[in-house]
Amino acid sequence: MLSLISTLGGLLISGLPKLLEFFQNKADQKHELALAKIQTERELALAAQGFAAQQRIEEIRTEQVMMQSEAQMTEAALKHDEKVLEKASRWVANYIGTVRPTVTYIFVIELVLINMFLCYYLYANPGMVDSIDDVLKYADIIFSPDEMAMLGGIIGFWFGSRNWAKK
């Protein structure tokens, strides 16, 4: 009898969140409907006065200001780099230009060499691999999530666009 009551109680309690969610959704929908009505009335009033396009004009101005400020920051950073490089020796200027490609080459070559070694080692020691799961286990040990994140960031920098923005 006790197990029947506890089963019934568990069943009723498990439905409680759905019941509460139903009432919450009903209240949310009522609130959203009221907000939509107010917004529609406001837009109609503004359209009657000729201000319908004003909001879009303000959005365009905001985007322009953001683009100008980003361009100004980039330009200031480039000017700063130019000033620093004017005082530096030619060797330092050349080295600064090769840092990012060198880091990229190091990571990509490292991954290729590790993959080649892993394949050779597993081929030379056939007793270590019984299934593809063993290969994946060894690969997970060698390629940590941090290293993959760094490589993904580097490749994203070189092959992705830095100017994409979420709209």
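Reader: Where is the place of Cys119?

Author: This is a predicted model, in which local features need pLDDT of at least 70, side-chain atom pairs count only at pLDDT 80 or more, and totals for chains, interfaces and linings use all residues. Residues are numbered from 1 along each chain as its sequence is written, and side-chain values use heavy atoms, with hydrogens and water left out. Helices (H or I, at least four residues) and strands (E, at least two) are DSSP runs, numbered from the N terminus. Cys119 sits in helix 3.

Reader: Is Cys119 buried or exposed?

Author: Buried means under 20% relative accessible area, exposed over 50%, and partly exposed in between (1.4 Å probe, protein chains only). The relative accessible area of Cys119 is 55%, so Cys119 is exposed.

Reader: How many Å apart in space are Cys119 and Val135, C-alpha to C-alpha?

Author: In sequence, Cys119 and Val135 are 16 residues apart. In space, C-alpha to C-alpha, the two are 9.1 Å apart.

Reader: At what angle do helix 3 and helix 4 pack?

Author: Two packed helices are described by the angle between their axes and the distance between the axes. Axes are lines fitted to C-alpha atoms, for helices over the stretch in contact, and angles run from 0 to 180 degrees between N-to-C directions. The axes of helix 3 and helix 4 (residues 132-142) are 12 Å apart. Their packing angle is about 145°.

Reader: Which residues of helix 4 make the contact?

Author: Contact means heavy atoms within 4.5 Å. Helix 3 brings Ile114, Leu118 and Leu122. Helix 4 brings Val135, Tyr138, Ala139 and Ile142.

Reader: Is Thr104 buried or exposed?

Author: Thr104 also belongs to helix 3. Leaving aside neighbours within four places in sequence, Thr104 is in contact with Ile154 and Trp158. Its relative accessibility is 15%, so Thr104 counts as buried.

Reader: How many helices are in the protein?

Author: Read along the sequence, the pattern is α-α-α-α-α. There are zero strands. The helix count is five.

Reader: What share of the residues is buried?

Author: The protein has 167 residues. Buried ones make up 7%.

Reader: In which helix is confidence highest?

Author: pLDDT is the predictor's confidence in each residue, from 0 to 100. The protein averages 76, and 79% of the residues score at least 70. Confidence is lowest in helix 1 (residues 2-49), at a mean of 71. The highest mean, 83, belongs to helix 3 (residues 90-124).
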